[in-house]
Amino acid sequence: MTTDELEQLLARQPVALLHRLARGRVHRHFRTGKRRLIELLLQHSSHNRAGFESDLQALIGEQHPRSESKSPRIHRPAAIAPKKASSRGAEPASDETAVSLSAWLEGLGVPAPQPFVPDPWQSEALSTLNDTDVVISVPTGSGKTYVAVEAARRAMEDNRSVIYTSPLKALSNTKYTEFSRIFGADNVGILTGDRQENGHAPLLIMTTEILRNLLYDAASGEIDVRLDTLGLVILDESQYLADPERGVVWEETIIFCPAQARLLLLSASIGNPQDIADWLTSIRSTTCRLVRHSKRTVPLRAGYLHPNGKLVPLFNTLGIPHGHPNQLHPEAKHLFLEYEEETLPSGRPRR
Amino acid sequence: MPPSIHPVDLVAALRQKHLTPAIVFLTSRRACDEAMEVFNHIDLVLPPTRQEAIALALERITAQHPSITEHPLIPIVQRIGVAAHHAGHLPTWKIAIEELMRQGLLDAVFATTTLAAGVDFPARTVVITQSSIRKSRDFTDLTIGEVQQISGRAGRRGKDHVGFAIVTPSPYIDLTVLTKGFTGQPEAIHSQFTISYPMVLNLLKAHPHEHIQGILAKSFAQFQLNQRAELLEQKLDALHVQMEPFGPRVCTDWITQWHTFDHARRHRHTRHQTHREESPEITARLPFLTPGRVVGLGRGRGIVLRQYRSKGQKNSMLTILRSESAVTECPVTSVKEVFDRTYDCAETPTYPWCSTETFDRLSHQLEDLPSRVPVLPILVSTDVEPLPDAVVQSLGDFPCPTCPSRSACQKDFTTASRLRQEQQRHTKSIQALRTSLWHRFQERVEVLQKFGYLTLTTQLTSEGEWARLIRIDHSLLITELIRAEAFTGGDPSLLAGILASLAHDDDRPGAFPRISTGLSSLLGQVRKLAESLAPYEDPPLLRADVAALVERWVADPTLTWIGLCRLTTMAEGDIYRLLARTLEFLSQVQALKSTHPGLAESASQAITLIRRGVLEELP
């Protein structure tokens, strides 16, 4: 749903519903008019769109059956009813529907081996990379490495050299072993602070600091041959851009990255990947596309293990209830309260 | 109930529900090590076939990395299939554990959250035991991004249908941090752009000074500052719209006009208030009622000792010396006559408000006073005291009192002036946002000019030419040390020791190996220099123990890794990281071959000396 659509949908709702929606979201919402209220709600929903929309749908769903059965005679009780319903409305699933442990544990096990098929976002990222720079922001473990490997393979087939950087030396070493296995030891080199192997290979792995230094040396005239044929720069773990001490290195690297080389930024899920894509578009000759998805390849379930060994689901839904941190499984909630009661020193105020 | 689940119970529970392999994130390295201790005495042994598989895989790894052949954890890993993995371990050990995990041979790995980003192996389950993380001395709550990074390790592609993130409480856990982390959107990231000295030198080497502002404008920092500036500009536009009804009236800048008028009016008002209480006769007398003045009161006469104002009295007060050395307080209104006679009076700040001699003398003089003393003629002006000139002038300039829009101005002034203040504030901050990076760059340039790395025309001096190659933390201190020829002796162990103390930024305490006199005196010099540079660059920790440790390792080639570890209480992994960081710093010094051949030579000697034993195994 786009913001405009959402705004129109909100505008169609009665103001009472908007106030219920605003409960807990907007401070002193009861003092605002409808238009201002919609504005505030939209502002608020920018943090958590999914949760907001699902709450809205739940409220709208509730509204319709009641409006049908409404009659002038029972007008008063009906006016009170929404109050009760709304506390439900914020947490659609109630106690009775909480997921059971056996259902929660179901599906555990090893899937049958399947031929590898790239996810749509992976193919999308690769095809986009032909024309533009790409920023990828996906959850941990969704297969960013596959994109990096394929992109490197394609660049190397075009006789362009590739630089792959990672933030940690240990990760560089792991990738060196991994890529050597894939592309053959002759095609992969590594440069770290104190290790230089196969420095003229078409695919070079290095820490981001080393690449930054290379770019500085190239800029000041001490030309490095490799940079002329450089076709692709892959920056892994780009969320390090926000690292207090080292983030600046990523910025320098991106600013000084040669114009002819494509940039591929791989990042874990972050809140503002569009900003990074916009930034790259604004400073580089090509545009930059953002490939983002938030669905994990392997779905996640959260559980609660009590110190006495009792295992219960953490949330009352099977998966993670995105945008609803309070939908705790009643049993988990109960056990945790009990735990806090016993472990907190008496007199210490509970948070 | 135990404060947190016992590691053995945890592993048993995970096994029973088929939730292994699992990564268990614990608060500290110690917690991981203690968990391992516990398994030492427990029979949770794996079936023999699995034990053999682990042994086989371990053999293959130790063949490559012999430094971990004797690792004390190996028996537990083999028997029980659990391991610890944290920054205190050697990288080779971590590689071995990661390899075993990748092959699916282990049931559980106990790791610290600090390393969540560096842990590059997935498992079926992650177990989270805390909601905060140690970040430089302090514990802070996990961010949403961090929780998702941790839980992201759960579920192996192709090996699991689902991944599990299991929370198990330990004292002081905050469940809401975790539930928010699971269900929330990760935080937006913000630029951490800083301008360092080597950056300035390198930029100025490659680009003319006038291009730099354009380059800085390309940073993500500026991009985000611009975003904020744009937000403010939108607000500014909105303010412009709100300001429209308050546009030019009779005078163009009526807000300022009204402001000054209002101010002057209020000012005059307060002046009146203070003088209202006293009649003109009294006011006229005040300047004459000074210490030493003889006055006539209702009964008898007296000499004024002081004049003062008292909070409870609406008139000025006098302290008066009466006959028989009595001292009384009375308001000026009780003075009936002011005589044309004064005596010298040496005032003091405390009772009786004059020196003892004066007091005695005045008492005598009061007794000896002739019965008739001429009265002082005091002129009383019946007019109201005129306003001070400044106020009169400012009021005279104002058209406001007779202006037709006066009432409108008065009514709108509060809103309009608030809006205008906001406008001015926003304009100022927008300007600051747009130019702050450039200002910081200029500040750095000035420091570099002061130290002689840059000429006044921002060209690199010969010093700057080599200094730009030192692209590490504390670069200013290092280049200044090189310029001061602190390392002239050419002793590689001293150089390595000093660079180690510069490179090591961890404050975990370590034991103190004996430090050589040469190193300790050199370290003293470095400390002094670092202190003098403190206004320009944060001083490093400069720990003597790590310096001594590295010096020992370089100076004594017969020292084994085990021997080195015995010298200190630092964990193996920390020593390794210290040496690796030192190598990095040394390789930067080594790059100064053309300008400082002697220094570069001893750096490369130090590098060869450091790289032995465990450090040779891994790049």
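The model is predicted, and here local features need pLDDT of at least 70, side-chain atom pairs count only at pLDDT 80 or more, and totals for chains, interfaces and linings use all residues. Residues are numbered from 1 along each chain as its sequence is written, chains are lettered from A and ligands numbered from 1 in the order in which they are written, and side-chain values use heavy atoms, with hydrogens and water left out.

**View 1. Where chain B meets chain A.** Here 79 residues of chain B are in contact with 85 residues of chain A (contact means heavy atoms within 4.5 Å). Together the two chains bury about 7000 Å², with 62% of that on carbon and sulfur atoms; buried area is the accessible area (1.4 Å probe) that two parts lose on being put together, summed over both. There are two salt bridges between the chains, and Asp119(A) makes a salt bridge with Arg157(B), their closest N and O atoms sitting 3.7 Å apart. For a salt bridge, a side-chain nitrogen of Lys or Arg has to be within 4 Å of a carboxyl oxygen of Asp or Glu. Polar contacts across the interface come to 23 residue pairs, both residues at pLDDT 80 or more. A polar contact is a pair of N or O atoms within 3.5 Å; within protein, one must be able to donate a hydrogen and the other to accept it, and residues adjacent in sequence count only if both atoms are side-chain atoms.

View 2. Strand S9 of chain A (residues 300-305) pairs with S7(B) in the parallel sense, over five bridges. Leu300(A) is set opposite Gly163(B). Strands here are DSSP runs of E, at least two residues, and helices are runs of H or I, at least four residues, numbered from the N terminus; two strands pair if DSSP finds at least two bridges between them.

**View 3. Strand S1 of chain A and its two partners.** All five of the five residues in S1(A), residues 133-137, are buried, where buried means under 20% relative accessible area, exposed over 50% and partly exposed in between (1.4 Å probe, protein chains only). Asp133(A), Val135(A) and Ser137(A) point one way, with Val134(A) and Ile136(A) pointing the other. S1(A) runs parallel to S8(A), residues 288-292, over five bridges, and parallel to S7(A), residues 262-267, over four. Ile136(A) is opposite Val291(A) in S8(A), and its bridge partner in S7(A) is Leu266(A).

**View 4. Strand S2 of chain B.** Val82(B) and Ala84(B) point one way from S2(B), Ala83(B) and His85(B) the other, and all are buried. S2(B) runs parallel to S3(B), residues 108-112, joined by four bridges, with Ala84(B) opposite Phe110(B).

**View 5. Leu239 in helix H10 of chain B.** Leu239(B) belongs to helix H10 and is buried, at 3% relative accessible area. Not counting residues up to four places away in sequence, Leu239(B) touches Leu419(B), Glu422(B), Gln423(B) and His426(B). Arg420(B) is 181 residues away from Leu239(B) in sequence but 8.2 Å away in space, C-alpha to C-alpha.

**View 6. Arg468 of chain B, in a loop.** Arg468(B) is in the loop between helices H16 (462-467) and H17 (475-483). With a relative accessibility of 3%, Arg468(B) counts as buried. A polar atom of the Arg468(B) side chain lies 3.5 Å from the backbone oxygen of Glu465(B). Leaving aside neighbours within four places in sequence, Arg468(B) has contacts in both chains, including Asp217(A), Ser220(A) and Glu222(A) as well as Leu201(B), Asn202(B) and Lys205(B).
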